[in-house]
Each structure stands twice: as structure tokens, then as C-alpha cells.
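Reader: I'm new to this one. Can you put it up and take me through it?

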Amino acid sequence: MTAMESLANRAIRDIRDRHADFQALGRGGRSRHDFPFEATMAPEFLVVTTEGGRLTRAELMAHFDRMAEGVGDDFAIAVDDFAVVHEGVDAVLVEYTETQWKRGAKTRRRSTALFVPDAAAPNGVVWRHLQETWIAVP
């Protein structure tokens with residue numbers, strides 16, 4: 001991370017890094033403590049799930065603990081179609097598409113994530129809010 005790197009670039013890098021971590025975690029054999037999840041989420045982090053539920057940071061951490069039991073070797077995640085919706089000095093809103101493959105099924109969701117700067121985080125940003133919506137699988 002450079003001092004001049006934009007907040008948007010740091011956020012997109014963190015999206016890519018976290019999803020690589022999620023994939024490794026889902027393939028099993030590793031603990032969520034092997035990854036910097038907690039260091040990348042603001043204490044007041046909230047996710048609105050594809051089903052419309054809400055998960056706090058603590059609830060998401062518990063989900064990662066269950067995920068560490070492993071989804072299977074065929075579990076994969078790809079993220080693409082990045083769009084910066086808004087970028088300011090103190091926050092950036094990024095939209096992206098996430099595709100998952102597990103147990104022979106493919107799912108897709110469009111996500112919108114709000115990031116705020118945090119010099120202590122691995123990429124200099126933390127996730128503040130995440131909204132996920134199912135989209136059709138082509």
C-alpha cells in the first residue's frame with residue numbers, strides 16, 4: 001500500500017484478498033484465525049444477507065468458525081465487475097459480483113460494500129457495511 005493509493009484501489013484489493021481467504025477457509029483444514037478477518041472489519045460491521053437477514057461482526061465470525069469445517073475441495077469463489085459507486089476522503093462504496101461454486105452448484109450475488117480507512121488494517125481499509133443480493137446464474 002502506498003500513501004498515494006486511492007481508497008477505492010485499497011478496498012478492491014481487500015475484496016479480492018478476503019474472498020481468496022474465504023475460499024481457502026471453505027476448502028477446510030484452516031482456522032479463521034489463520035486469516036485477518038477481524039482486522040478487516042469495523043467493530044460496528046453489519047452485513048445484510050441475500051435473504052434479507054442481518055449479521056453483526058460477531059455473528060459473521062461465528063459463521064467463519066463453522067465454515068472452517070470445510071465446504072469441500074470443489075469450493076471456489078470469484079469476484080469481478082467492480083464499480084466504484086462513491087469515493088470520498090473518509091469512505092468508499094464499491095459494488096462487485098461474487099460467484100461461488102460448491103457441491104456442483106453455482107450461485108451469484110451482487111454486493112455493495114462500504115469501506116472506511118484504517119491504517120492498522122492489512123490494506124488500509126475496513127469493511128463497515130455489506131449488502132448482498134442474489135442474481136441470476138447465466
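Reader: Leaving aside neighbours within four places in sequence, which residues is T97 in contact with?

Author: T97 is in contact with A78, V79, D80, D81, R108, R109, R110 and I135. Contact means heavy atoms within 4.5 Å. One caution on the source: this is a predicted model, where local features need pLDDT of at least 70, side-chain atom pairs count only at pLDDT 80 or more, and totals for chains, interfaces and linings use all residues. Residues are numbered from 1 along each chain as its sequence is written, and side-chain values use heavy atoms, with hydrogens and water left out.

Reader: Where does T97 lie?

Author: In strand β4. Strands (E, at least two residues) and helices (H or I, at least four) are DSSP runs, numbered from the N terminus.

Reader: Is T97 buried or exposed?

Author: Buried, with a relative accessible area of 0%. Buried means under 20%, exposed over 50%, and partly exposed in between, using a 1.4 Å probe and protein chains only.

Reader: What joins the side chains of T97 and D81?

Author: A polar contact of 3.5 Å. That term covers a pair of N or O atoms within 3.5 Å; within protein, one must be able to donate a hydrogen and the other to accept it, and residues adjacent in sequence count only if both atoms are side-chain atoms.

Reader: New topic. How many salt bridges does the structure hold?

Author: Nine. A salt bridge puts a side-chain nitrogen of Lys or Arg within 4 Å of a carboxyl oxygen of Asp or Glu.

Reader: Which residue forms a salt bridge with E98?

Author: R109 does, and the closest N and O atoms are 4.0 Å apart. R109 sits in strand β5 and E98 in strand β4, so the pair ties together parts eleven residues apart in sequence. Both residues are buried.

Reader: And what about E132 and R109, how far apart are their closest N and O atoms?

Author: They are 3.4 Å apart, in another salt bridge. This pair links distant parts of the chain, with E132 in strand β6 and R109 in strand β5, 23 residues apart. E132 is buried at 12% relative accessibility. For R109 the value is 10%, so R109 counts as buried.

Reader: Which residues are linked in a network of salt bridges?

Author: D14, D17, R18 and D21. Within that set, R18 pairs with D17, with the closest N and O atoms 3.9 Å apart. R18 counts as buried at 4% relative accessibility, whereas D17 is partly exposed at 30%.

Reader: Where is D14 found?

Author: In helix α1. D14 is buried, with a relative accessible area of 0%. Beyond its neighbours within four places in sequence, D14 is in contact with T40, F115, N123, V125 and W127.

Reader: Which element gives the most to the lining of the largest pocket?

Author: α2, with five residues.
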